[in-house]
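Thank you all for coming. I would like to walk through one part of this structure slowly, so please keep the view open while I talk.

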Amino acid sequence: MDGLHQALISVPPTIRAASRFGVRYSGRPAARESSIVFETFAGEIRTQISCVYCGHSVNRNEEFLSLEVALPLTKRGKVQILDELLAAEFGDSQPIADFACQRCHRKGGSVLRQALSRTPNVLVVQLKRFDWLTASRIDDEVLFEQESLDLGKLGRTTRSEKYILFAILNHTGDLSSGHYFALTRRLTGDRTWHSFDDERFKPASEGPGSCLRSAYILFYARKT
């Protein structure tokens, strides 16, 4: 998606003006160029490193187009839960043993905390099923919320940020070869899940429950 965003912002201004996919500006000086890709998928993560000795803290905001969620080694072979994986990534502060504070230069007293400072309209979650160190694919079952994923508890506020699942990209196979197929549903009207597998299209009666081991990328829309 980042490549598509870069392609859109490189379109000549005369073409941008005539296209709804063109670049938009916020009107602020030196504002970052935006495109329909960023308007749809971009969120922001705030990373804070604080020193418990002197109180000094450093903050950094970084935009993302998708959240990459690791499947921990300590839980291999067990059923994993997306809510818990996200909470581990954006939950309580984590100590950084070897980091030296920029102010007092003491080690062992710095803690790291990440939070979602801005949530996207469409959330893309990538489950990191490929372990490149062992050249293997992680086949663990991952349970994920379908109707009401709440990102509010992962942010800087306590307000509700509810999302509904509408598409799943699946992968089967291993690192050397594999196959991709998708499950999608409409968010209005007939909300039956359907499978798209090469030229084959059919209703998916089991829905997401049939792909807990194959789900690779999850697509959520913000609930209105």
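This is a predicted model: local features need pLDDT of at least 70, side-chain atom pairs count only at pLDDT 80 or more; totals for chains, interfaces and linings use all residues.

Tyr216 is buried, since its relative accessible area is 11%, where buried means under 20%, exposed over 50% and partly exposed in between, with a 1.4 Å probe and protein chains only. Residues are numbered from 1 along each chain as its sequence is written, and side-chain values use heavy atoms, with hydrogens and water left out.

Which residues form a cluster through ring pairs? They are Phe130, Trp132, Tyr180 and Tyr216; rings of Phe, Tyr and Trp (its six-membered ring) pair if their centres lie within 6.5 Å, and planes under 30 degrees apart count as stacked, over 60 as edge-to-face and the rest as tilted.

The structure holds five aromatic pairs. In one of them, the planes of Phe130 and Trp132 stand at 35° with ring centres 6.0 Å apart, so this pair is tilted. Phe130 counts as buried at 17% relative accessibility, whereas Trp132 is exposed at 64%. The rings of Tyr180 and Tyr216 are also tilted, because their planes are at 45°, with centres 6.4 Å apart. That pair links distant parts of the chain, 36 residues apart, with Tyr180 in strand β13 (residues 178-184) and Tyr216 in strand β16 (residues 215-222); strands here are DSSP runs (E, at least two residues), numbered from the N terminus. Tyr180 itself is partly exposed, with a relative accessible area of 42%.

Notes. Helices (H or I, at least four residues) and strands (E, at least two) are DSSP runs, numbered from the N terminus.
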